[in-house]
Amino acid sequence: MRILQLCSASSIGGGERHVANLSNGMAKRGHNIFAAVAPNSPLARELSGVPALNIACFPLRNAIDISSAAQIAKFARAQGVEIVHAHLAKDYPIAAVAARLAGVPYVITRHVLFPMSRLHRRLLSNVGAVIAISDAVAASLRQQSIFPEDKLATVRYGIDTERFPAHEHAQRDRLRVGSIGNLDPVKGFDVLIRSAAIVSSKVPGIQFEIVGEDRNRDGQNEKNLRRLVADLGLEETVVLSGWSNDVRSKLADFDVFVSSSRSESFGAAIAEAMLSSVPVVATETEGAKEIISHPSLGLLVPLDSPELLAEAMVGLIENEAERERLSRAGREHVLKRFSLDRMIDETGAIYHRVIADA
């Protein structure tokens, strides 16, 4: 197939890694993959399996950028594209217009739980398929009644298993508890920091690391978190280490992974930690519950509860055998249920169906 992926992202997160994994995986299978990205897109660097000549930049200023849509349509026609796939809400209308002008079908993937606009019902009335990245996202879409049931499909994220090999935990005096994500309030890092204070009072010497960047221009989220660290006297205990391009090495250095989020549509970092043989403690977001679907796979605690989060962490920190058991069970679970091959198979089947029905 000749497939055009459309994504205007200006930074890399779970959704963007999904686009890269899907595109590279499809290209590896012999499909012709093209990409429409914004200028200076970091996503372009992640598309290692896509020929550079197949990656084109467009302004993609906003959801009503008709000029970009027309340019993308011209590019699609020139490349013989058979289907367009958009991943961000602001790109959905552009994909709809570009696909119509190019005379090809399009699909969208919904990566988040936030409600869509009712305007999407009209703008996307001719969408070929709407892919939800989790059952939670699919349920949210059904509740909104924007798309007919036969247009909805769930395709869970696939994790690149070769990128996250199992590892043995190093023996050391100070255990390391880590978390990864954008420094946004929804990620609940303030809860993790408050939990760290409780853990440190009970089990001194634990090192905490939060890996991620503040995408706000004013950097206020990071400032707030650093202020909280200082107020709690945790400067020697909690490290905000900034963004890392080597998530695999970061995960390999953690003895326990914590997701303290207030909302997760899926939770790619949780799955990556489990795949890396790191035991996980997570708050009960919809996404986390979908990955940690049984108590044997990880520990789940209520949202916004530093005390219970700390209690779960202390339990794991003090029980090496339980950490090892969760490490093995978590990795095996992700290998079976969240493989990249499975995601590519399911997405490819949707492309074939939509193209055939067009």
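## The largest cavity

The largest cavity in this predicted model holds about 80 Å³ of space. A cavity is a set of points, on a 1 Å grid over the protein atoms alone, where a 1.4 Å probe fits but cannot get out. Grid points are joined across faces, edges and corners, and a volume is the space filled by probe spheres set on the points. By this rule there are two cavities of 30 Å³ or more.

Lining residues have an atom within 4 Å of a point. For the largest cavity they include Gly14, Arg17, His18, Asn21, Tyr157, Asp160, Arg163 and Glu272. H1 gives the most to this lining, with four residues. Both H1 and helix H10 (268-275) supply at least two residues each. Helices (H or I, at least four residues) and strands (E, at least two) are DSSP runs, numbered from the N terminus.

## How the model was read

Residues are numbered from 1 along each chain as its sequence is written. Local features need pLDDT of at least 70 and side-chain atom pairs count only at pLDDT 80 or more, while totals for chains, interfaces and linings use all residues; side-chain values use heavy atoms, with hydrogens and water left out.

## The seven-stranded sheet

Seven strands form an open sheet with parallel pairing, in the order E3-E2-E1-E4-E5-E6-E7. Two strands pair if DSSP finds at least two bridges between them. Strand E3 (55-57) and strand E7 (152-154) are at the edges with a single partner strand each, so one side of each has no neighbour in the sheet. The twist from one strand to the next averages 20 degrees. Three bridges pair strand E2 (residues 32-37) with E3 in the parallel sense, and Ala35 has Ile55 in E3 as its bridge partner.

Helix H1 (residues 14-28) packs on this sheet and touches strand E1 (2-7), E2 and strand E4 (83-86). Its direction makes about 165 degrees with that of E1. Helix H4 (residues 92-102) also packs on the sheet, touching E1, E4 and strand E5 (106-110), at about 170 degrees to E5. Contact means heavy atoms within 4.5 Å. Axes are lines fitted to C-alpha atoms, for helices over the stretch in contact, and angles run from 0 to 180 degrees between N-to-C directions.

## The six-stranded sheet

Another open sheet has six strands in the order E10-E9-E8-E11-E12-E13, with parallel pairing. Its edge strands, E10 (238-242) and E13 (299-301), each pair on one side only. Strand E8 (residues 176-180) runs parallel to strand E11 (residues 256-259), and two bridges join them. Gly178 stands opposite Phe257 in E11. Helix H12 (residues 306-317) lies across E8, strand E9 (207-211), E11, strand E12 (280-283) and E13, at about 160 degrees to E13.

## Nonpolar cores

A nonpolar core is a set of buried Ala, Val, Leu, Ile, Met, Phe, Trp, Tyr and Cys residues joined through side-chain atoms within 4.5 Å. Buried means under 20% relative accessible area, exposed over 50%, partly exposed in between (1.4 Å probe, protein chains only). The largest core has 64 residues, and Phe147 and Phe257 have the most contacts inside it. A second, separate core of 31 residues includes Leu183, Val199, Ile210 and Val301.

## Gly212

Gly212 is in the loop between E9 and helix H8 (220-231). At 4% relative accessibility, Gly212 counts as buried. Leaving aside neighbours within four places in sequence, Gly212 is in contact with Gly181, Leu183, Gly242 and Trp243.

Terms used:
1 Å grid on protein atoms, 1.4 Å probe; cavity = no way out; pocket = protein on both sides within 12 Å on 5 of 7 lines; lining within 4 Å.
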